Amino acid sequence: MRKIITIGREFGAGGGEIGKRIAKELGIEYYDKDIIFKTVMAGKNLTPEQVHRWDERVPKNFGFTQSLFDFYNKPLEEELWQAQRDAIRELANKESCVIVGRNGDYILREFDHCLNVFIHAGFAWRVRRMTAMMDGKSEEQVAGDVKAVDKARKKYCEYYTKCTYGDARNYDLTLNTEKLGIDKAVELILAAAETI
């Protein structure tokens, strides 16, 4: 039976690292930005540049301006969301995998063989962790980046899913990596994955 693990995450909390380690331990595929390329393939008129530009972002002028020029077609942002949703569902229907971000938990909410996880940590801890990983960026710059990414992900989630970003009720498991550490988070997710 297929196992799908979706990982929502706050920027800097270690969701990507955890997802890669889970996939390796279980011997299954890992998808994060790779979904972008599958999205391009699923969308009729999408280019990689368009998909990268709108990845996990909310449209600034949803539908209005674009629809004036392209009245009978969906706005680009909606087409990207639908193509990404279709790509994620296609993956979940054919193989076991770990999907990080892109509202995978919401998109696959009706899948029984899915474990939905959210990874979070305190703001200061995430800033310190990301500053150590980013050469040449000050802690102040990184703090600004963390705030901006968190805000964008929150808006994106709420806009497309009508759910509150990071709300524990949307997940099977939420883990604080500041308190538990990355290793323990991996261990707990692997234990939970045994039940699906």
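# Questions about a predicted model

Q: Where is Val100 found?
A: Val100 sits in strand E3. Strands here are DSSP runs of type E with at least two residues, helices are H or I runs with at least four, and both are numbered from the N terminus.

Q: What kind of model is this, and which residues and atoms count?
A: It's a predicted model: local features need pLDDT of at least 70, side-chain atom pairs count only at pLDDT 80 or more, and totals for chains, interfaces and linings use all residues. Residues are numbered from 1 along each chain as its sequence is written, and side-chain values use heavy atoms, with hydrogens and water left out.

Q: How many helices and strands does the chain come to?
A: Ten helices and five strands.

Q: Why is Val100 called buried?
A: Buried means under 20% relative accessible area, exposed means over 50%, and partly exposed is in between (1.4 Å probe, protein chains only). Val100 has a relative accessible area of 0%, so it counts as buried. Across the chain, 48% of the 196 residues are buried.

Q: What is Val100 in contact with, leaving aside its neighbours within four places in sequence?
A: Its partners are Ile7, Arg9, Gly15, Gly16, Gly19, Tyr30, Tyr31 and Asp32, where contact means heavy atoms within 4.5 Å. As for Gly8, its C-alpha is 6.1 Å from that of Val100, though the two residues are 92 apart in sequence.

Q: What makes Ala92 buried?
A: Ala92, in helix H5 (residues 76–94), has a relative accessible area of 0%, so it is buried. Neighbours within four places aside, Ala92 is in contact with Arg2, Ile4, Leu108, Phe111 and His113.

Q: What does the side chain of His113 make a polar contact with?
A: With the side chain of Arg2, at 3.5 Å.

Q: Which residues touch the most other members of the largest nonpolar core?
A: Ile5, Ile18, Val98 and Ile189 do, in a core of 23 residues. H10 gives the most to this core, with seven residues. A nonpolar core is a set of buried Ala, Val, Leu, Ile, Met, Phe, Trp, Tyr and Cys residues joined through side-chain atoms within 4.5 Å.

Q: Which residues does the second, separate core include?
A: Ile99, Leu108, Phe111 and Cys114 are among its 14 residues.

Q: What makes Cys163 partly exposed?
A: Its relative accessibility is 22%, so Cys163 counts as partly exposed, whereas Cys114 is buried at 7%.

Q: How do you know that Arg129 forms a salt bridge with Glu17?
A: A salt bridge is a side-chain nitrogen of Lys or Arg within 4 Å of a carboxyl oxygen of Asp or Glu. The closest N and O atoms of Arg129 and Glu17 are 2.9 Å apart. This pair links helix H7 with helix H1, 112 residues apart. The count for the chain comes to eleven salt bridges.

Q: How do you know that Arg21 forms a salt bridge with Asp183?
A: Their closest N and O atoms are 2.8 Å apart. Arg21 lies in helix H1 and Asp183 in helix H10, so the pair ties together parts that are 162 residues apart in sequence. Both pairs belong to a network of salt bridges linking Glu17, Arg21, Arg129 and Asp183.

Q: Why does Asp183 count as exposed?
A: Asp183 has 53% relative accessibility, so it is exposed. Arg21 is partly exposed at 30%, Glu17 is partly exposed at 36%, and Arg129 is buried at 17%.

Key
A polar contact is a pair of N or O atoms within 3.5 Å; within protein, one must be able to donate a hydrogen and the other to accept it, and residues adjacent in sequence count only if both atoms are side-chain atoms.
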